[in-house]
Amino acid sequence: MFRSQYDNDVTTWSPNGRLFQVDYAMEAVKQGSCTVGAKSKDHVVLVALKRAPQAELSSYQPKLFKLDSHMGMSIAGLTSDARVLARFIRTECINHRFVYNAPIPVQRLVTRVADKSQKNTQVAHRRPYGVGLLIAGYDKAGPVLYQTCPSGNFYNYKAVAIGARSQSAKTYLEKHFGDFESCTLQQLVVHCLHALAASCAEGVELNQQNTTVAVVSKDKGFVQYDGDEVTKWIDLYQTDKDKAAPAAEPPAEAPGGGGAAPMEE
């Protein structure tokens, strides 16, 4: 990215019809660690790769936030901006329950989040939120998965990935999303972990410290797995990965019956 005379504030349009500060916010989402979401007919699964400034000396940054009993979100981008939006969403959920004595529909909530993000692109004294959200929930429409952008756009997905190297995860999802509708919970989580592993940098393996998993269902609502709780999902992923690995070919036998060739005198 580079500076331009048109990026001094968010309300200045470039000659090409761009708002550069919105583009910069979208770039911040691409710099965040990857998170993947997918849904079946009964569940929505979110998985995310956590980062730590120094793995040995510090804790990992949170990537999943519980918003209500039936809804949660994962993030890519600035965690501080995500906390602001999480507080806003939780307040909206509480207000809706107080007034209507019922959980808020996910699409209505996502629309309010998108409107709040879009307002920051209309005034010069504000900046766009530098975070992208994957919001998963279960309401009368069944399991739903949405992505929101700093620009104020939002999208409904069957499966999606955002963050650094997310294109590799999207490639995996595009190959397998046709099977997601009929997947069991275990199969859906394993698919998401395979997609997340595809986005990892060289030398990085999924483990219980850097991986977090969340499941949204009709019966249990939003359930998050961290630390030792995520071990069972990592084991399922590793078992499936080992099954898919091609078997090693036996070494070729030497000519003449497999014995060592006699030395010539």
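Me: Where is the place of Asn101?
Reply: This is a predicted model, where local features need pLDDT of at least 70, side-chain atom pairs count only at pLDDT 80 or more, and totals for chains, interfaces and linings use all residues. Residues are numbered from 1 along each chain as its sequence is written, and side-chain values use heavy atoms, with hydrogens and water left out. Helices (H or I, at least four residues) and strands (E, at least two) are DSSP runs, numbered from the N terminus. Asn101 sits in the loop between helix H2 (79-100) and helix H3 (106-119).

Me: Is Asn101 buried or exposed?
Reply: Buried means under 20% relative accessible area, exposed over 50%, and partly exposed in between (1.4 Å probe, protein chains only). The relative accessible area of Asn101 is 71%, so Asn101 is exposed.

Me: What is phi of Arg165 near?
Reply: Arg165 lies in the loop between S8 and H4. Arg165 is partly exposed, at 46% relative accessibility. Its phi is positive, in a residue other than glycine, and is near 55°.

Me: Which residues of helix H4 (residues 166-176) are buried?
Reply: On the other side of H4, Glu174 and Lys175 are exposed. The buried residues are Ser166, Ala169, Tyr172 and Leu173.

Me: What covers the buried residues of H4?
Reply: Contact means heavy atoms within 4.5 Å. The cover includes strand S1 (35-39), strand S8 (159-162) and helix H5 (185-198).
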